[in-house]
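Trainee: I am new to this structure and would be grateful for a close look at one part of it, the place where the two chains meet. Please set that part in the context of the rest of the model.

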Amino acid sequence: MALPTRDVVGVLSDNMRMRGSVLPVPARRASRWARRLGLPMGGPTVLYTGLMYQIIPYIGSLSRLQARVAASPLARFGGLARLANRASRGYGLALVARPSRQEQAELDRVPGNVVRLLRAAGVDVGYLYEDDLYTGALAYDLGSDEVVASHARRVAAAFARHGVREVITIDPHTTNMLRSVYPKLVEGYDVRVRSYLEVLAEHAGEARAPSAGRAVVHDSCVFARYEGVLDQPRRLLAAAGVEVLEPLQSGRHTWCCGGPAESLYPEKAAAVAGERVAQLSAVARDCVTMCPICLVSLRQACGARLAVRDISEYLLDARRSQAGVGVST
Amino acid sequence: MSTVVTSVLADELAVLGGFDAGVCMNCGVCTAACPLGLDLLPRRLLRHALLGMAERVQGESEAIFSCLLCRACEANCPAGVHIAEDVRLLRRWLLGKFEEAQ
Ligand code: SF4
Ligand code: SF4
């Protein structure tokens with residue numbers, strides 16, 4: 001049994017209202033990687049993570065927490081979860097929902113991977129540090145448009161303050177919010193938005209890395225059907241020496257990872273993920289994802305049948321092996 | 001359960017945004033393509049909304065909130081219905097009802 005829908009939706013909207021984030025992640029910790037890479041503050045072109053890779057392990061944890069609460073007598077008290085969350089000003093979930101260190105470390109690595117890939121392609125970016133905020137994708141999906149609109153104005157004001165004209169994103173949900181949703185919510189919003197996969201594909205030459213094995217590609221629904229990012233990841237993987245294999249449903253007809261249902265209906269999410277794992281594992285053991293939600297959902301469902309890795313890791317492996325750093329293929 | 005056909009719900013949805021289920025031809029392709037395999041989504045649900053069956057729509061809040069917004073249905077819809085956005089608009093409408101009830 002899941003918690004009553006309205007309580008969970010309420011918890012998420014409250015966090016958005018109070019903290020500018022659906023889930024709690026301390027701002028300084030979320031931008032530690034950028035300090036290490038010496039990224040300048042702001043500038044005309046910035047990398048904007050929207051904190052997606054950093055916060056997504058919390059969604060998995062939230063659903064585990066929810067399963068525990070749902071199985072307890074607490075679930076009988078409608079509205080209790082929401083009240084408790086309000087009382088703790090949104091920090092309650094952080095205290096009890098902790099991702100494992102390894103889970104967190106791997107996802108935290110992705111923004112740094114992206115900066116390295118962009119730099120290798122001759123693209124320098126700035127970063128907004130404490131102003132790199134979650135875009136509100138989950139709250140928007142849940143229909144909390146008013147909450148998201150006021151948050152979007154905050155993000156747009158930060159772009160203006162830091163002189164940002166062009167934004168490079170990583171994950172599909174942040175790309176979709178900044179490129180296709182914010183223009184509807186914020187008057188006068190005029191920022192060019194591209195995912196790093198689109199930027200890298202523009203800069204890619206004809207060079208081919210030595211063979212790096214084969215992998216099945218899992219398209220994100222949002223990249224494939226909302227933002228038209230289909231061809232770029234395939235071209236980049238091929239250039240990195242990866243033989244790209246297609247599952248039964250791929251490209252524009254890709255099958256969802258189940259993740260969007262995770263925070264409200266973990267059982268339904270698991271069923272959809274299980275079906276997708278069967279489609280993917282029928283084709284190859286190695287699997288490429290390009291969204292943190294897909295990565296976490298498929299990993300939770302696949303056991304030993306699939307080895308799921310983010311596309312940035314595949315692309316960086318190829319660069320390292322070309323540079324002779326000794327990454328095995 | 002009310003079965004009275006009224007346009008109030010459709011009017012309320014129109015105020016929230018471009019609810020375009022009216023062009024649906026009821027062919028069922030969307031249901032066949034849906035990874036959740038819910039017969040209810042989106043075809044019958046959208047029809048309930050169009051017919052103004054507010055209580056029925058409220059009774060289906062679990063189906064409405066479990067939609068993945070993945071657009072697998074839309075990729076196959078011959079009428080070009082913006083199904084995922086229609087579902088999102090139903091969520092907005094339901095959130096309003098939740099707030100009213102508190
Ligand atoms: S596929 Fe499109 S036209 Fe056919 S029932 Fe679904 S929404 Fe209606
Ligand atoms: S968007 Fe919703 S209704 Fe359409 S296929 Fe995906 S889960 Fe089913």
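Mentor: Let us begin with the contact between the chains, which takes 24 residues from chain B and 25 residues from chain A. The model is a predicted one. Chain B and chain A bury about 2,300 Å² between them, and carbon and sulfur atoms give 56% of that area. On the side of chain B, Leu68(B), Arg71(B) and Arg88(B) supply 23% of the area that this chain buries against chain A, more than any other three residues.

The polar side of the interface can be described next. There are four salt bridges between chain B and chain A. Asp145(A) and Arg88(B) meet in a salt bridge through their side chains, at 2.8 Å from N to O. Nine residue pairs are found in polar contact across the interface of chain B and chain A. Two elements give two or more residues to the side of chain B that touches chain A, namely helix H5 (61-66) and helix H6 (83-101) of chain B. Of the elements, H6(B) gives the most to this side, with nine residues. By class, the side of chain B that touches chain A has 13 nonpolar, four polar and seven charged residues.

Besides its salt bridge with Asp145(A), Arg88(B) forms a salt bridge with Glu85(B), where the closest N and O atoms are 3.0 Å apart. Arg88(B) and Glu85(B) are separated by about one helical turn, because they lie three residues apart in helix H6 of chain B. The relative accessible area of Arg88(B) is 3%, so this residue is buried. Glu85(B) has 27% relative accessibility and therefore counts as partly exposed.

Salt bridges also form a network in chain A: Arg109(A), Arg309(A), Glu313(A), Asp317(A) and Arg320(A) are joined into one network by salt bridges that share partners. Over all chains, a search of the whole structure finds 23 salt bridges.

Chain A has 16 helices and eight strands. Of its 329 residues, 60% are buried. Among the contacts in chain A with a separation of 6 or more, 81% are between residues 24 or more positions apart.

The domain assignment divides chain A into domain 1 (5-200) and domain 2 (205-321). Their contact takes 37 residues from domain 1 of chain A and 29 residues from domain 2 of chain A. The area buried between these two domains is about 2,900 Å², with carbon and sulfur atoms giving 65%. Leu117(A), Pro172(A) and Leu197(A) supply 20% of the area that domain 1 of chain A buries against domain 2 of chain A, more than any other three residues.

Polar links occur at this boundary too. Three salt bridges are counted between domain 1 of chain A and domain 2 of chain A. Glu106(A) and Arg299(A) form a salt bridge, with the closest N and O atoms 2.7 Å apart. Eight residue pairs are in polar contact across the interface of the two domains. Helix H7 (101-120) of chain A is one of the elements that give two or more residues to the side of domain 1 that touches domain 2. The residues of that side divide into 20 nonpolar, ten polar and seven charged.

Asn113(A) is placed in helix H7 of chain A. With 3% relative accessibility, Asn113(A) counts as buried. Its side chain is joined to that of Ser312(A) by a polar contact of 3.0 Å. Leaving aside residues up to four places away in sequence, Asn113(A) touches Ser312(A), Glu313(A) and Leu316(A).

Two further salt bridges within chain A complete the picture. Glu166(A) forms one with Arg192(A), and their closest N and O atoms are 3.7 Å apart. This pair links distant parts of the chain, with Glu166(A) in strand E3 and Arg192(A) in strand E4, 26 residues apart. Glu166(A) counts as buried at 16% relative accessibility, whereas Arg192(A) is partly exposed with a relative accessible area of 45%. The side chains of Arg234(A) and Asp219(A) meet in the other salt bridge, at 2.6 Å from N to O. Arg234(A) lies in helix H13 and Asp219(A) in the loop between strand E5 and helix H12 of chain A, 15 residues apart. Both Arg234(A) and Asp219(A) are buried.

Definitions and conventions. Residues are numbered from 1 along each chain as its sequence is written. Chains are lettered from A and ligands numbered from 1 in the order in which they are written. This is a predicted model: local features need pLDDT of at least 70, side-chain atom pairs count only at pLDDT 80 or more; totals for chains, interfaces and linings use all residues. Side-chain values use heavy atoms; hydrogens and water are left out. Domain bounds come from an automatic or database domain assignment. Contact means heavy atoms within 4.5 Å. Buried area is the accessible area (1.4 Å probe) that two parts lose on being put together, summed over both. A polar contact is a pair of N or O atoms within 3.5 Å; within protein, one must be able to donate a hydrogen and the other to accept it, and residues adjacent in sequence count only if both atoms are side-chain atoms. Helices (H or I, at least four residues) and strands (E, at least two) are DSSP runs, numbered from the N terminus. Ala, Val, Leu, Ile, Met, Phe, Trp, Tyr, Cys and Pro count as nonpolar, Asp, Glu, Lys and Arg as charged, and the others, Gly among them, as polar. Buried means under 20% relative accessible area, exposed over 50%, partly exposed in between (1.4 Å probe, protein chains only).
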